[in-house]
Every structure is written in structure tokens, then in C-alpha cells.
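Q: Could you walk me through how parts of this structure pack together? I would like to begin with the helices and then turn to the aromatic rings.

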Amino acid sequence: METKVFSIDGKEVRTIELNDNVFNREVSDGCIYHAVNNELANRRVGTACTKGRAEVHYSNAKPYKQKGTGNARAGDKKSPIWVGGGTIFGPKPRDYSYVLPKKVKRLAMKSLLSLGILEDRLVVVEDFTTESGKTRDLSAIIKNFVQDETRTILILKDDDVMMRRAAKNIPYLRVLSYNRLSAKELLYGRKVLVLETAAKNLNEFYGDK
């Protein structure tokens, strides 16, 4: 399929050929769901921790004698039924991360790129960089494509340090490399700007597998 390539001023300059297997395929909602859930699970810290009755700092003495009080028998004040006692089945530190099959993840990324084209959210922009690394230079370019500061994704052809530095102070902008995409960012981004070389790299990176 062919799509337009825009200059940094927001004007159409030429067209580019995109791989149908990457940018024009049937969208798999299931793969997108699993890819986003996987990313969110992998980000969880999992440090919640409570103390059981064996861990709380309390006396081992019986609170009152076994018989003759009319109360139910009690072993010690560390029991979960007492105030200050241990917690029953409370959370413990754990690892929430898991590995998603590569084929599922690749299909999710291709589905998200195709969805961007389908919903007219994905725009191919001619290659540019901000050699100064200044936020105002990058912001001036982004505003030619995004008018109301909606959540925007910029896909780079490589790990451009200056571009990433310039993007740090733009709260609505997320910067990704073509070979390290994020399903969550692509799904929730209202505008996806792809550099021309990055689009060609995506053709090859996801096209044959």
C-alpha cells in the first residue's frame, strides 16, 4: 500500500510504499489485549508485604487462663483475630512478570500499526532530528501535526539521544525506537508520527516473519 509522506511543516512531499503485512492487515484484538496486559504486568513492582502471626512482634504469653473465664480459649495475642495480630493470607513480595510468545507480540504490533492506518492516526514524516536537543525545536515540529496536545507517539529510526532529550519536557509526547515498540503506547496514542526511515525499517523488521 502507498501512503503520504509529510514534511516537518505538515505538507505532503511524496508517497512511500508500506508493507501490507505490517500496515494493512486484519487487526487481532486478542493479541493486542494480551500484549498490553503483558506490558502492564511486567511493570508491576510486587513489593506489597504483610506479616503473618509468626512474624509480628508480640508476646507468646496467653492473654488469660485457659479455663474459668467464660471466654473462648486463646493461645497468644499474635493470632489474626486480635488487634495487632498477624494477617491471614496477606500479600507477599512476588514477581508478576511473564513471557509472552514472540508470535503473539509481533502480531500485536502489526495489528496496532494497521489500526493506526485504519483510524487515520498514523502519519509518516520525513526524517528529521534536533541537533540542539532543545525542547522548543521539537515542540515546534510536533505542533504542525498535533493541535490540541493530545497523546502523541514518535517512532524513531534509531536511538537518537538528542531527540529523546528534547522530548523529555513535552508531557504528551512518547518516543519509541522502531525495534522497541510499546503496545500500550501505540494503543492509547491519539497520533502516531513515524519517521520515513523508521517506516522502511518497520517494513523489514516485521514484514517477513
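This is a predicted model: local features need pLDDT of at least 70, side-chain atom pairs count only at pLDDT 80 or more; totals for chains, interfaces and linings use all residues.

Q: At what angle do helix 2 and helix 3 cross?
A: The axes of helix 2 (residues 29–43) and helix 3 (residues 102–118) cross at roughly 110° and come within 8 Å. That makes helix 2 roughly perpendicular to helix 3, a term for angles of 65 to 115 degrees. Helices here are DSSP runs of H or I with at least four residues, strands are E runs of at least two, and both are numbered from the N terminus. Axes are lines fitted to C-alpha atoms, for helices over the stretch in contact, and angles run from 0 to 180 degrees between N-to-C directions.

Q: Which residues make that contact?
A: Helix 2 contributes Cys31, Ile32, His34, Ala35 and Glu39, and helix 3 contributes Val104, Leu107, Ala108, Met109, Ser111 and Leu112. Contact means heavy atoms within 4.5 Å. By class, this contact of helix 2 with helix 3 has eight nonpolar, two polar and one charged residues. Ala, Val, Leu, Ile, Met, Phe, Trp, Tyr, Cys and Pro count as nonpolar, Asp, Glu, Lys and Arg as charged, and the others, Gly among them, as polar.

Q: Staying with helix 2, is Asn38 buried or exposed?
A: Asparagine 38, which is found in helix 2, is buried, with a relative accessible area of 6%. Buried means under 20% relative accessible area, exposed over 50%, and partly exposed in between (1.4 Å probe, protein chains only). Leaving aside neighbours within four places in sequence, asparagine 38 is in contact with Tyr98, Val99 and Leu100.

Q: And helix 3 with helix 7, how do they meet?
A: The axes of helix 3 and helix 7 come within 11 Å and cross at roughly 145°. Arg106, Met109, Lys110 and Leu113 of helix 3 meet Leu202, Phe205 and Tyr206 of helix 7. The residues of this contact divide into five nonpolar, no polar and two charged.

Q: Changing topic, how many aromatic pairs are there?
A: The count comes to two aromatic pairs. Rings of Phe, Tyr and Trp (its six-membered ring) pair if their centres lie within 6.5 Å; planes under 30 degrees apart count as stacked, over 60 as edge-to-face and the rest as tilted. Tyrosine 178 and phenylalanine 205 form an edge-to-face pair, at 5.8 Å centre to centre and 85° between the planes.

Q: Where do those two residues lie?
A: Tyrosine 178 lies in the loop between strand 5 (173–177) and helix 6 (183–188) and phenylalanine 205 in helix 7 (residues 196–207), so the pair ties together parts that are 27 residues apart in sequence. The rings of phenylalanine 205 and tyrosine 206 have their centres 5.0 Å apart and their planes at 90°, so that pair is edge-to-face. Tyr178, Phe205 and Tyr206 form one aromatic cluster.

Q: Last topic: what is the phi of Phe89?
A: Phenylalanine 89 has a positive phi of about 50° although it is not a glycine. Phenylalanine 89 lies in the loop between helix 2 and helix 3 and is exposed, with a relative accessible area of 83%.

Note on methods. Residues are numbered from 1 along each chain as its sequence is written. Side-chain values use heavy atoms; hydrogens and water are left out. Angles under 35 degrees count as roughly parallel, over 145 as roughly antiparallel, 65 to 115 as roughly perpendicular and the rest as oblique.
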